[in-house]
Each structure stands twice: as C-alpha cells, then as structure tokens.
Amino acid sequence: RYFVDHNSKNTTFNDPRLPASYDPSGNPVRYQRSFRWKLAQFRNLCLANALPTHVKLSVNRQNLFEDSFNQIMRIQPYDLRRRLYIIFRGEEGLDYGGLAREWFFLLSHEILNPMYCLFEYANKNNYCLQINPASEINPDHLTYFKFVGRVIAMALYHGKFIDNGFTLPFYKRMLNKPCRLQDLQNIDPEFYNSLVWVKDNDVEESGLDVVFSADYDLLGKLQTYELKPGGIDIPV
C-alpha cells in the first residue's frame with residue numbers, strides 16, 4: 001500500500017495527510033501523545049474493565065462524609081468499578097448520573113471540613129489542597145486518607161468531577177515521582193525564595209544559624225521536626 005503526495009508529486013509509504021507526530025498506522029508517536037489522546041485511552045481502558053450491574057450507596061445529606069465513608073470502605077475495591085447508584089435518603093428520584101455528580105461535588109467539599117483535619121489550602125492565594133500537617137490529631141486520619149484516595153479513584157474511573165484540586169507535589173507523591181525544589185514555587189513563593197537564597201548563598205557568613213530542622217505551628221503549638229536524624233544539631 002502506498003500514497004501519492006500531491007504537494008511533492010511523489011509516492012510514499014507514509015500517509016502525507018497525517019501530521020508528523022503520527023506514524024503510518026495513525027497512532028501518535030511515542031512521547032508526542034497529547035493529553036486528549038491519553039485521556040481517550042484511559043476512558044477506553046475504564047470502559048473495558050467495567051463490571052455489570054451497579055453498586056448502591058444510600059447517604060444522608062446531613063451526614064454525607066460518614067455515610068459515604070462507612071459504605072465505601074466496606075465494599076471490595078473491584079466492586080467500585082460497577083456503575084454508581086446514589087440515593088439521598090428522604091428524596092425520591094432515579095440516578096441517571098446527576099445524583100452521582102452531585103454526590104462527588106458535595107463530598108469533595110466535605111473533605112475540607114475542619115472537623116476531620118485532613119486537608120488545608122496551600123496558602124491564602126492558592127486554593128489547591130495539601131495534607132494538613134496536624135492531621136495526626138485525628139486518630140482515624142490514615143483510614144480517612146485511604147477513603148479519600150478511593151473517592152479520587154472512583155471519580156477518575158467513572159469520569160466525574162470533584163470540586164477541589166491538589167498541589168503538584170501531592171500529585172507527584174500519588175504517582176511515586178520525585179519532587180523538585182521548583183514544585184514549591186506556586187505553593188509558597190516566599191518559602192521557595194528563601195530556600196533558593198539559602199541554596200545559592202553562604203549561610204555561615206549571614207549568621208542565620210540554620211540547622212536541619214523546621215518549626216511548625218500546629219493548632220497553636222510550636223513543634224520542631226528534624227529534617228534528618230540529629231538534624232537539630234547539624235548546621236546547614
């Protein structure tokens with residue numbers, strides 16, 4: 001099989017109508033695949049692995065987080081690939097997708113509830129979410145984080161939106177990718193600039209007495225954390 005390129009007046013085995021980023025089979029060249037193409041492939045994989053029937057969640061609007069937590073954590077992970085059927089108790093209606101969208105939207109707001117102390121905004125000008133350093137005061141915080149992970153996975157799998165986004169380092173940790181210093185720039189520019197200054201200057205001459213530890217204000221209590229073993233006694 002060959003093609004005629006009417007622009008160059010030549011015959012070719014490559015389809016001249018395809019952009020250079022595609023191979024003769026019509027597939028995007030490796031490392032040049034667009035986000036739209038990757039998203040379509042991901043959706044196809046989700047549809048190919050979908051299970052029949054549905055999984056039913058019955059929740060109360062006034063107790064949405066706890067109801068959703070108790071039911072989702074009892075369900076086997078592979079069963080969450082079934083179609084979602086959401087019921088808001090006391091409200092009659094069939095879920096043709098609208099109730100599931102509303103459930104994801106409301107639940108993404110609830111994970112910010114300060115009562116659970118799970119997430120916080122990156123800073124006053126950046127409303128992306130990051131893990132709250134004080135989350136350990138909640139004895140069930142690790143189980144709640146696992147629940148939030150399942151909810152995010154369900155939203156991706158079922159093609160639903162959540163109302164909140166997360167910081168770049170958070171996504172990198174989810175993907176087990178290394179974080180870089182530049183990742184902090186959009187989260188806390190002042191902190192990022194301070195680290196860059198420390199990196200590029202001789203801190204001994206400045207008299208800052210910087211050591212490998214950091215102080216955090218957790219719920220009004222100042223706590224010191226060592227950045228490496230014995231870091232409180234190791235000068236930078």
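Me: What counts as a cavity here, as against a pocket?
Reply: A cavity is a set of grid points where a 1.4 Å probe fits but cannot get out, whereas a pocket is an open set. This is a predicted model.

Me: OK, how many cavities of 30 Å³ or more does a search of the whole structure find?
Reply: The search finds 1 cavity of that kind. The largest cavity has a volume of about 60 Å³.

Me: Which residues line the largest cavity?
Reply: The lining consists of F104, L107, S108, I111, V148, V151, I152, I162 and F166.

Me: Which one gives the most to the lining of the largest pocket?
Reply: β7 does, with 5 residues.

Me: What about classes in the lining of the largest pocket?
Reply: That lining has 23 nonpolar residues, 6 polar and 6 charged.

Me: What is the volume of the second largest pocket?
Reply: About 630 Å³ of space lies in the second largest pocket. Its lining has 17 residues, with L39, F42, I152, A155 and L156 nearest the centre. Helices α1 (35-48), α4 (141-158) and α5 each give two or more residues to the lining.

Me: Where does the largest share of that lining come from?
Reply: From α1, which contributes 5 residues. By class, the lining of the second largest pocket divides into 12 nonpolar, 2 polar and 3 charged.

Me: How do α1 and α4 pack, then?
Reply: Their axes are 9 Å apart and the angle is about 100°. That makes α1 roughly perpendicular to α4.

Me: Which residues make the contact of α1 with α4?
Reply: α1 brings F42, R43 and C46, and α4 brings L156, Y157 and H158. In this contact 4 residues are nonpolar, 1 is polar and 1 is charged. F42 and L156 also turn up among the residues nearest the centre of the second largest pocket.

Me: Next pair. What angle do α2 and α3 make?
Reply: Helix α2 (residues 64-72) and helix α3 (residues 98-110) pack at about 105°, with axes 9 Å apart. α2 and α3 are therefore roughly perpendicular to each other.

Me: And which residues make that contact?
Reply: On α2 they are L64, F65, S68 and I72, and on α3 they are W103, L106, L107 and E110. The contact of α2 with α3 has 6 nonpolar residues, 1 polar and 1 charged. L107 is also in the lining of the largest cavity.

Me: Last topic, rings. How many aromatic pairs does the structure hold?
Reply: There are 14 aromatic pairs. One of them is Y116 with Y144, which is edge-to-face at 5.7 Å centre to centre and 70° between the planes.

Me: Where do Y116 and Y144 lie?
Reply: Y116 is in the loop between α3 and β5, while Y144 is in helix α4, so the pair ties together parts that are 28 residues apart in sequence.

Definitions and conventions
Residues numbered from 1 in each chain as written. Predicted model: local features only at pLDDT ≥ 70, side-chain atom pairs only at ≥ 80, totals over all residues. Heavy atoms only, no water. Axes fitted to C-alpha atoms, helices over the stretch in contact; angles between N-to-C directions. Helix = DSSP H or I, 4+ residues; strand = E, 2+ residues; numbered from the N terminus. Parallel < 35°, antiparallel > 145°, perpendicular 65-115°, else oblique. Contact = heavy atoms within 4.5 Å. Nonpolar A, V, L, I, M, F, W, Y, C, P; charged D, E, K, R; others polar. 1 Å grid on protein atoms, 1.4 Å probe; cavity = no way out; pocket = protein on both sides within 12 Å on 5 of 7 lines; lining within 4 Å. Points joined across faces, edges and corners; volume = space filled by probe spheres on them. Phe/Tyr/Trp six-rings, centres within 6.5 Å; stacked < 30°, edge-to-face > 60°.
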